[in-house]
Amino acid sequence: MWTIFVLFKKEFFSHLKSVRMIILMVIFSLLVLLTVYGTFMLMGMSEAFVPPDVSEIMIEQGPIFILSSIVGMIFFIGPITALALSFDTIVREKIENSLHLLLCRPISRRSIAIGKFLGILGALALPIIVVNSIAIVVIIFLSDKGISFTQIGGFLLFTLIFLAIYSAIGQLISSSVKTTTTSLLLGIVIWIFLPVIVSILSVFLSDFSGHIELLNPSAPYNVCVGHALGTLTNEASLSIPLWGYYLSFILWLFIPLIISIEIFNRKED
Amino acid sequence: MLTTIIRPTKGTAKILGFDVQQKSLEVKKRIGFMPDVPGFYGEMKASELLNFYADFYRIPKIDREKKVEDLLKMMQLDEFKNKKVKTFSRGMKQKLGFASSLINDPEVLILDEPTIGLDPSTTHFFKKSIKSLNEKGVTVFLSSHILSDVQALCNKVGIIDHGKIIAVDTIDSLSKKISSTSNKKIVVTFEDITDKAINAVKKIDGVLSIKKDKSSNKIEIEIDSKKPIIPKINKTLVNNDVNITSIETKEMNLEDIFLSLVGEK
């Protein structure tokens, strides 16, 4: 455990101080700010701009509607943020030869993989929790409706799991390839094509569309976070039982993570 | 494999009684390793990097900081302790790699080509440091293609050819073993020599070849070690009016041993 913590600490601070992280977090913060501002603007607009039914939902849900808008933004920016931090976590060490000096320390290969994953996740979690917490405080301050800690906690927890899934996928790619370019390209391909492929499969296999949508981690994230925020009013409308989405969400995290740990453990570097 | 970085396909190896596969963490706690080209996290400062590696061994903070200071001083890197490693030269990186291999006071130090690509003064520094560590009781396991370094540093050598160990012994023992079974070289220094004298020596039974060094008054004669013909060579040269300054048996160096075991290519 100690050695995992040592590596976690190093990875966490290295990522936090990296230019890549700063750029990603500036973009993320701006997008959160724009989403909050944009949604408030929409809420204040007349019926000429916003259809009455949408306006009704906006006003009724208040801050929850704004958080749901942030979730919509995280669908897009979350995966690329996590992949951008994790795509070269292992492969760069191999290329730069720093892995040998790490492997000869009293730490197992599995612990290295876990420490690296936790370091990325920690580095992602800190600014994302801070940015989203500030956004939530602003939303509560500007809105006349409240929001419970369970809802905030659920939103943050599921968002972090969603980012952890893509961090694990990024680490899996990084453990499997030989160059950072291949790793980067594969990361981009997964980010762009995973939702597209799942949508195409859903069209061709419409009878199983409920199951097929689980092949994209965004679907269980959407349902789980919706459940936490209370926007998922009609569970019966879901194609599969709610627990199926939760299970799929957890599996999406652990399967790539375990595979990436095992690949790194078995490879000779 | 001994550093536990690569797994063996078959067979076993033990360091200080610990199997490198079964007890790899125990081995790692007790060894220090420096690869031929040590790679670092370039964004980290030298002292940060050594502190990071030291952290794995759970060295208490006060001891760790002192250890890092001492190592940086020993490696003449103390004035660069707050510089990012990516700004370091090849020699400085090699020294930092050496420092990182000593952070846990290893009982066994494994060095892979420690002096390759280094300038003469850094090479000298490394050789001096390795000798000093060995004198303090650290077992140094060194792999190198620079045989002069190996000869200068090692008590015992192992020669590997095509992935197989073909000899393990002290240099003296190997030299004796090879000398008794192979040819010997003698070096004759003189004031002047004629072709006639050289031809007379060539005719002696047991003389295998003669090399004349044009730039100095020396000839190198390869003889069959089983035939005691050195007095005969001496007599032949004297009879041919050669004023001999000295006759010496050329000691086998590691390169000669290596070539006689592996064969010239």
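This report describes chains A and B of a predicted model.

## Basis of the description

The model is predicted, so local features need pLDDT of at least 70 and side-chain atom pairs count only at pLDDT 80 or more, while totals for chains, interfaces and linings use all residues. Residues are numbered from 1 along each chain as its sequence is written, and chains are lettered from A and ligands numbered from 1 in the order in which they are written.

## Chain A as a whole

Chain A has twelve helices and zero strands, giving the pattern α-α-α-α-α-α-α-α-α-α-α-α along its sequence. Helices (H or I, at least four residues) and strands (E, at least two) are DSSP runs, numbered from the N terminus.

Chain A has 269 residues, of which 42% are buried. A residue counts as buried if 20 or more other C-beta atoms lie within 10 Å of its own, as exposed if 12 or fewer do, and as partly exposed in between, with C-beta atoms placed from the backbone. Among the contacts in chain A with a separation of 6 or more, 82% join residues 24 or more positions apart; two residues are in contact if their C-beta atoms, placed from the backbone, lie within 7 Å.

## Helices α8 and α9 of chain A

Two packed helices are described by the angle between their axes and the distance between the axes. In chain A, helix α8 (residues 149-176) packs against helix α9 (residues 180-204) at an angle of about 145°, and their axes are 9 Å apart. Axes are lines fitted to C-alpha atoms, for helices over the stretch in contact, and angles run from 0 to 180 degrees between N-to-C directions.

The crossing of α8(A) and α9(A) is right-handed. A crossing is right-handed if the near helix is turned clockwise from the far one by less than a right angle, and left-handed if anticlockwise. From α8(A), the residues A:Ile169, A:Gly170, A:Ile173 and A:Ser174 meet A:Ser183, A:Leu186, A:Gly187 and A:Ile190 of α9(A). The residues of this contact comprise four nonpolar, four polar and no charged. Here Ala, Val, Leu, Ile, Met, Phe, Trp, Tyr, Cys and Pro count as nonpolar, Asp, Glu, Lys and Arg as charged, and the others, Gly among them, as polar.

## The contact between the chains

Chain B contributes 22 residues to the contact and chain A contributes 17 residues. On the side of chain B that touches chain A, α1 (24-30) and α2 (46-55) of chain B each supply at least two residues. The residues on that side of chain B are 13 nonpolar, three polar and six charged.

## Helices and domains of chain B

The axes of α2(B) and helix α3 (residues 61-74) of chain B come within 10 Å and cross at roughly 130°. This angle makes α2(B) oblique to α3(B); angles under 35 degrees count as roughly parallel, over 145 as roughly antiparallel, 65 to 115 as roughly perpendicular and the rest as oblique. The crossing of α2(B) and α3(B) is right-handed.

Chain B is assigned domain 1 (14-154) and domain 2 (183-262), with bounds from an automatic or database domain assignment. The centres of these two domains of chain B, taken over C-alpha atoms, are separated by 45 Å.

B:Thr4 is not a glycine, yet its phi is positive, at about 75°. B:Thr4 lies in the segment before β1 (14-15) of chain B. B:Thr4 is buried because 26 other C-beta atoms lie within 10 Å.

B:Leu16, also a residue other than glycine, has a positive phi near 50°. B:Leu16 is in the loop between β1 and β2 (18-19) of chain B. B:Leu16 counts as partly exposed because it has 13 C-beta neighbours inside 10 Å.
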